[in-house]
Amino acid sequence: MSANRVPAHVVDRLRANLRDAGIPALESDLQGLAEKGFLNRLLDFEQVVERVPNDTLPDYLSAWGDIGESAGASPPAGEPQLGDSPIGTVARLLRTRQVSPVELAEQALARIAQRDPELNAFQLVLAERARASARRAEQELASGAYRGPLHGVPVAVKDLLAIAGTTTTAGSKILAGWVPDFDAAAVERLEAAGAVIVGKTRLSEFAYSPGSNNAHYGPTRNPWDRERDTGGSSSGSAAAVADGLVFAALGSDTGGSIRIPSALCGIVGLKPTFGRVSLHGVIPLAWSLDHLGPMTRSVADAALLLGVLAGHDPRDPRTRRVAAPPVPADLDAGVRGLRVGVLRDDGSGGRLGVDAAMAAWQAGLAELARDGAELIPLDLPELEDLRLINGAILALEAAAYHQPMLRARLDDFGEFMRQRILAGFAYGPRALVRAQQARAALRQRCDRIFEQIDLLSTPTQPDVAPPLNNVGWTTFTGPFNTLGWPAISVPAGLSGEGLPLGIQLIGKPWDEATVLRAARVVEAGIRLPDR
């Protein structure tokens, strides 16, 4: 729906809701958000929820997250077979003291200093903190106090995660001076594993864009082509890993913000099951859609990071005590006999992707078939409704979180973020509950596909990285935030112009182990060349 097709009653409702919320929005912002298309699918959303009976139990009251739940704590993940993974290789050198953690940290800091002025991947480099962590790791390794494969390894975290005594901006001007006095749960777990956090990475403002566009700190350039975007919102984490500035980084994912930049930058990005990883200390975008996960150079490294991050956290009631371990006992067990659903109809009525994206996806599927998987064509038209529900819940929850800041500091939001978040006030008074009812009905229908398949596959992105300051696509990623299912993006080839493309593998809740095994098969058969 174009801007001039936005019905008058929607704009009137938007004005009224903003007025009631005490937000002093200008007419120029209302016009701008309509022109940018932020209201385009609101009527489509309303048509979806009208098909859902009013007595449907809303999704936030369902027990879907209790699949595999046990009364005890989550079982240990064990240590995955790292083989020749980047972290596995350096971990052996560190443990045998052929490489010093201090030396490794200095190398990472020097490379960041050399490369980042062009890439713009880091919001903040924590040089002295990293050096102190590296010295501590060196002393521990010398004394035999080995913490595991991350001990002494340089990593980065997205600048949504709190680190005590360190500025956490969330890519915004509004939080540019916020210095928390606590660590995010994921930071605690990384440091307990001995990782050396060298810095905090760039993102779109408050993570509300599938691109790296940021009015305050600028875009992040794609390491494969500096005139291309990294995708978002975990843009800096993707670029830092892809360009070898760090061995791994953390990203958040509300509609695809781990998988989109991972695909466009040629790395592995894993969104675990909703409730698998604590979000304590992570600035929210949408509470019921947010996920936290690893971005790495290999599947084995993603499994390692997931094993470190996963677990129940009483500070985050979204986390679950689950019986299913997050990583497989044997990462290289293969996929013989696995039923892989190959998406055919996604409900959009259009092509799934450009020729290059389809070719890369098919190459990844061929590797699964070669290893013994059965490929099963599958129609899942519910994806189109799931996209609408994802966008609506995201807008409504984000608007609720940001309302106090919109009242007090509206002009301190960049234009894209300001207008997009204001669009969330165009929804009606029943919208959130109706969206959650539709979510529950769609979840019930989609859960049934696992009677036919063990794993679902789609392209991660329908095209290659767009030009700088343009955004990626949530087409195949957003629906699985709505459902909360685990999903991974794995590099599956290059386009004719040498840009990376990915295959997405999606599993049933709590079955990251199968997702990782299948991803490992794709990775073993398809290796991207060095840039």
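Start by selecting the charged side chains: 54 positive and 61 negative charges, with mean positions 1 Å apart. Lys and Arg count as positive, Asp and Glu as negative, while His and the chain ends are left out; each charge sits at NZ of Lys, CZ of Arg, CG of Asp or CD of Glu. A word on ground rules: this is a predicted model, where local features need pLDDT of at least 70, side-chain atom pairs count only at pLDDT 80 or more, and totals for chains, interfaces and linings use all residues. Residues are numbered from 1 along each chain as its sequence is written, and side-chain values use heavy atoms, without hydrogens and water.

Now switch to cartoon. You'll see 16 helices and 13 strands (DSSP runs, H or I of at least four residues and E of at least two, numbered from the N terminus). Of the 531 residues, 62% are buried, meaning under 20% relative accessible area with a 1.4 Å probe, protein chains only; exposed means over 50%.

Next, select H3, residues 42-50. Which of its residues are buried? Leu42, Phe45, Val48 and Val49 are. They sit on the same side of H3 because they cover an arc of only 115° around the axis, taken from the directions from the helix axis to the C-beta atoms.
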